[in-house]
Amino acid sequence: MGNGFSILIAGGGSTYTPGIVRLLAHKSSIFPIRQIKLYDNDADRQRLIGDACSILLGAEAPQIDFSYTTDPEEAFTGIDFVMAHIRVGKYAMRELDEKIPLRYGVVGQETCGPGGIAYGMRSIGPIIQLIDYMEKYSPKAWMLNYSNPAAIVAEATNRLRPHSRIINICDMPVCLESKMCSILGLQSRREMLVRYYGLNHFGWFTEITDRQGNDLMPRLKAFIKENGYYVKGDPKAEQEESWKLTYQMAKDVYALAPDTLPNTYLKYYLFPNQVAAHSNPDYTRANEVMDGREKEIFEEARRLIETKDVAGCRFSIGHHADFIVDLARAIAYNTQERMLLIVPNEGAIENFDSDTMVEIPCLVGSNGYEKLSIGKIPRFQKGLMEQQVAVEKLTVDAWIEGSYLKLWQAITMSKTVPGADIAKKILDDFIKVNRDYWPALK
Ligand code: NAD
Ligand code: G6P
Ligand code: MN
């Protein structure tokens, strides 16, 4: 084996795996990798992605030793970083997470509202199991975890494995920073310094400057006030109608807290009725992804396996891959780079509960992260966050205790849900379809 780091991608069959593998290959001069392994519990799904990645690496970075497996011991042994992005229940369950609330006119979303709660109840157990495998077979490794719903997953990992070397992350802020770059005519988000606070998928940018300290907020606000984050010609917005609407709707979300720039996910909490009314209960985002990204990635994998045409490879590298690889490199080389992470508050937001997970800027280095201090936050944001964090904590309580009542309270508490009666109907429907995944509730 050569020099460099050893990386395990858990959820090897994910649509995001090829982009991360390709970026690792391209960055090998500044982040040398000796080994990449994939791990998944669906052998067939992973085989296609694995064989395609093997061909890609054979051409683009043959020095990297590549393999894939469904065996935890083989996967987790000899690892420096676990990059985790599992989807427990896969797209079939995401579709139900989105469609069941819509039966009752409630937001149907992967990570927000009742759908996110249902997904959280599925994800907690398997994520804890990944941590335990890592600690058993590679106790010095770090897990960088994208697996959703990140807010509930982070609350659970902090509660159940508080001393583990896991960092929960989200790519939404860096995606929005790239929109800001388009608005400002900058080349890269690395030209900006941002301050931001909130919960995952529930936060606000408070300061954006360039590296010389010049305030970029006035120009961003002027644009976002009129257009949200929708920039004409942006490929993601032009190709994916639902994302275009989300970027546009940031204009309405912005109006409620115009000192800041919002995370797009706030639309589900601030305009739930409008969002639900505009959703098609028979064709949700899960269907769009199954007919779009999933199909394209697997078709490309098959094409690559058949033709071995690496030069024409269409696996693209996005902000998603960029962010997780930057994070690993910041730990590996102690770069002290500033990044937004989901971490225990512990006083960083002065007037918010100490034992909650918040998304804030941190300096990243070989010992993990050091949090920046946020100070006090305003009443509006604080009130919203307190309600939402209660939803997330009650969900984790429900999982730990096997409590029907706590889960009913969690769904009732969500700002996306109009009342306890509807919450109960949604919960009872969810219990029926999640029998293979949820703990039994009493
Ligand atoms: P996907 O369904 O294509 O891939 C997920 C893979 O995980 C599948 O191959 C599945 O078989 C595997 N898996 C499920 N349970 C597993 C388990 N217990 N052990 C091992 N493997 C398991 O999904 P995707 O669209 O590529 O997304 C992957 C994950 O990344 C999702 O959780 C998604 O929500 C998340 N994600 C998070 C962010 C973020 O901002 N945090 C951004 C993008 C995607
Ligand atoms: C953003 C969010 C992720 C979420 C994804 C959904 O990247 O940060 O948490 O999983 O959007 O994208 P999709 O294309 O699957 O709807
Ligand atoms: Mn996210």
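A polar contact is taken here as a pair of N or O atoms within 3.5 Å; within protein, one of the two must be able to donate a hydrogen and the other to accept it, and residues adjacent in sequence count only if both atoms are side-chain atoms. The structure is a predicted model, in which local features need pLDDT of at least 70, side-chain atom pairs count only at pLDDT 80 or more, and totals for chains, interfaces and linings use all residues. Residues are numbered from 1 along each chain as its sequence is written, chains are lettered from A and ligands numbered from 1 in the order in which they are written, and side-chain values use heavy atoms, with hydrogens and water left out.

In the surroundings of ligand 2, a polar side-chain atom of arginine 94 lies 2.9 Å from an oxygen atom of the ligand, while an N or O atom in the side chain of glutamate 110 is 3.1 Å from an oxygen atom of ligand 2.

Cysteine 170 lies in the loop between strand 6 (166-168) and helix 7 (172-184), and histidine 201 in the loop between strand 7 (192-199) and strand 8 (202-210), so the pair ties together parts that are 31 residues apart in sequence. Helices (H or I, at least four residues) and strands (E, at least two) are DSSP runs, numbered from the N terminus. Cysteine 170 is buried at 8% relative accessibility, and histidine 201 is buried with a relative accessible area of 5%; buried means under 20% relative accessible area, exposed over 50%, and partly exposed in between (1.4 Å probe, protein chains only).

Ligand 1 is surrounded by 27 residues, of which the closest are Ser14, Asp40, Arg45, Tyr91 and Tyr119. An N or O atom in the side chain of serine 14 is 2.6 Å from an oxygen atom of ligand 1, a backbone N or O atom of isoleucine 86 lies 2.8 Å from an oxygen atom of this ligand, and a polar side-chain atom of arginine 87 lies 2.9 Å from an oxygen atom of ligand 1.

Glycine 50 lies in helix 2 (residues 43-60) and is buried, with a relative accessible area of 0%. Although glycine 50 and glycine 13 are 37 residues apart in sequence, they are 7.5 Å apart in space, C-alpha to C-alpha.

Key: Near = heavy atom within 4 Å.
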